[in-house]
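This briefing sets out the main features of the chain shown below. The points are grouped by topic for reading alongside the structure.

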Amino acid sequence: MTDIRNIVVLTGAGISAESGIDTFRDAGGLWEQHRVEDVATPEGFARDPGLVLGFYDMRRAALGDVRPNDAHRALARLEKAFDGKLLIVTQNVDDLHERAGARNVLHMHGELNSALCNICGTRSPWNAPMSADVHGQRPECPACEARSLRPDVVWFGEMPYQMERIYAALREADLFVSIGTSGAVYPAAGFVRDARELGARTLELNLERSEGSHWFHESRQGRAGELVPAWVDEVLGS
Ligand code: OAD
C-alpha cells in the first residue's frame, strides 16, 4: 500500500452501531420504528412539525449517552498518523467522528447538533430541544430571531451538503473505503462507482455485503470495531 496518497472514507450508520446508535435498515432499525415520509421529508415537516422536531430532539438527546467506539478512534488515529490526505465523508448526523478526534470530516446529511433557519437559511450550532416549550413557543433563530428553526439534517428530496468538495476528493482518491453503510441511499451509494471509474481502488468494510457490494474491488464482512482498526494498522504499517 506504499503508493496510497489520497484516501476518501465514506461512513454510515453501521460505524456508530457499536456505540449504541440505531441504524436505519437493520432489524429493529429507525425506519422500522418511524415512517420515512413522516420524519425525514420536507412534506412530513410541513404536515406535523411537532412530530418531526420531537424525533430529532430525541436523537440529539441520545448523543449524550453514547461514546465513540474503536472504529471512530481508529479513523482519527489514521488521520493523525497518515502522511497523505484523508477525508472522512459521513452520512451520519452524530458527532462521534469528531469526539474521537477526527477533524477532516464532512457531514453530507447534516448534523443533529446544528439548526437550520427556514427563513434566513443560517446554520447555527444547536444542542437544545427544538420542539415548542410549555408556552407553545419554538426557539428563535440566533441570526434573525424567527421561530422557524428546523433540524439541520438533509431529508429525502433535498440536496446533500458539500457535494463539490466530495467529488473533488473522489477525483483525487487512490483509495475509497466504505464503512457501515447499506448502499441504499444516493448519491452516497454511487460514490464507489464514481471513485472506481476515476481510478481508485475500492474497499468495503461492513457487517454484511451492501447493495452495491459488487462494485468494490474487495469486501470484508464483520464488525466495524474490529475491521476498521485492523485496516488502519495495514495502511500505517506499510
Ligand atoms: P443503514 O441502516 O441503511 O445501513 C447500515 C449498514 O451498517 C448495514 O449494511 C448493516 O449491515 C451495517 N452494520 C450494522 N452494524 C454494523 C457494525 N457493527 N459494523 C459494521 N457494519 C454494521 O444506514 P446508512 O447506510 O448509513 O439518511 O443509511 C444511509 C442513509 O439512509 C442515512 O444517512 C439516512 C438514512 O435514511 C437520511 O436520513 C437522509
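**Briefing on the predicted model**

His-214 is found in the loop that connects β8 and β9. This is a predicted model, in which His-214 is exposed, with a relative accessible area of 62%. Its C-alpha atom is separated by 10.0 Å from that of Val-192, a residue 22 positions away along the chain.

**Overall form**

- The chain contains 10 helices and 9 strands.
- A compact globule of 238 residues would have a radius of gyration near 18 Å, and the chain agrees with this, having 18 Å.
- The C-alpha trace spans about 60 × 35 × 30 Å along its principal axes.
- Of the 238 residues, 51% count as buried.
- Among contacts with a separation of 6 or more, 63% are between residues 24 or more positions apart.

**Strand β6 and its partner**

- Strand β6 covers residues 149-153, and because 5 of its 5 residues are buried, the strand is largely enclosed by the rest of the structure.
- Strand β4 (residues 110-117) runs antiparallel to β6, and 4 bridges join the two.
- Within this pairing, Cys-117 stands opposite Leu-149 of β6.
- In a regular strand, side chains alternate between the two faces of the sheet.

**Salt bridges**

- The structure holds 16 salt bridges.
- Arg-123 and Asp-152 form one of them, with a distance of 2.6 Å from N to O. This pair links distant parts of the chain, since Arg-123 belongs to strand β5 (residues 123-125) and Asp-152 to strand β6, 29 residues apart.
- Glu-37 forms a salt bridge with Arg-35, in which the closest N and O atoms are 3.8 Å apart. Glu-37 counts as partly exposed, at 38% relative accessibility.
- A further salt bridge brings together the side chains of Glu-140 and Arg-147, at 3.4 Å from N to O. Glu-140 is partly exposed, with a relative accessible area of 36%, and Arg-147 is partly exposed as well, with 37%.
- Salt bridges with shared partners also join Arg-35, Glu-37, Asp-38 and Arg-47 into one network.

**Helix α5**

- Helix α5 comprises residues 49-62, and its 14 residues reach 20 Å from the first C-alpha to the last, close to the 20 Å expected at 1.5 Å a residue.
- The buried residues of α5 are Val-52, Leu-53, Phe-55, Tyr-56, Asp-57, Arg-59 and Arg-60.
- The cover over these buried residues includes α2 (30-33), α3 (36-39), α4 (42-47), β4 and β6.
- An α-helix has 3.6 residues a turn, so residues three or four places apart point the same way.

**Helix α10**

- Helix α10 comprises residues 224-237, and its 14 residues reach 19 Å from the first C-alpha to the last, close to the 20 Å expected at 1.5 Å a residue.
- Buried residues in α10 are Ala-224, Gly-225, Leu-227, Val-228, Pro-229, Trp-231, Val-232 and Val-235.
- These buried residues pack against the strands β1 (6-11), β7 (175-179), β8 (201-206) and β9 (218-221), and against the helices α1 (14-17) and α6 (70-81).

**Backbone features in loops**

- Most residues other than glycine have a negative phi, and most peptide bonds are trans.
- The peptide bond from Tyr-186 to Pro-187 is cis, with omega near 10 degrees. Pro-187 lies in the loop between β7 and α9 (191-197).
- Glu-145 has a positive phi of about 70 degrees, although it is not a glycine. Its position is in the loop between β5 and β6, where Glu-145 is exposed, with a relative accessible area of 54%.
- Gln-162 is a residue other than glycine with a positive phi, near 65 degrees. The loop between β6 and α8 (163-172) holds Gln-162, which is partly exposed, with a relative accessible area of 32%.

Methods: Residues are numbered from 1 along each chain as its sequence is written. This is a predicted model: local features need pLDDT of at least 70, side-chain atom pairs count only at pLDDT 80 or more; totals for chains, interfaces and linings use all residues. Side-chain values use heavy atoms; hydrogens and water are left out. Buried means under 20% relative accessible area, exposed over 50%, partly exposed in between (1.4 Å probe, protein chains only). Two strands pair if DSSP finds at least two bridges between them. A salt bridge is a side-chain nitrogen of Lys or Arg within 4 Å of a carboxyl oxygen of Asp or Glu. The expected span of a helix is 1.5 Å times one less than its number of residues. Contact means heavy atoms within 4.5 Å. The radius of gyration is taken over C-alpha atoms; the globule rule is 2.2 Å times the number of residues to the power 0.38.
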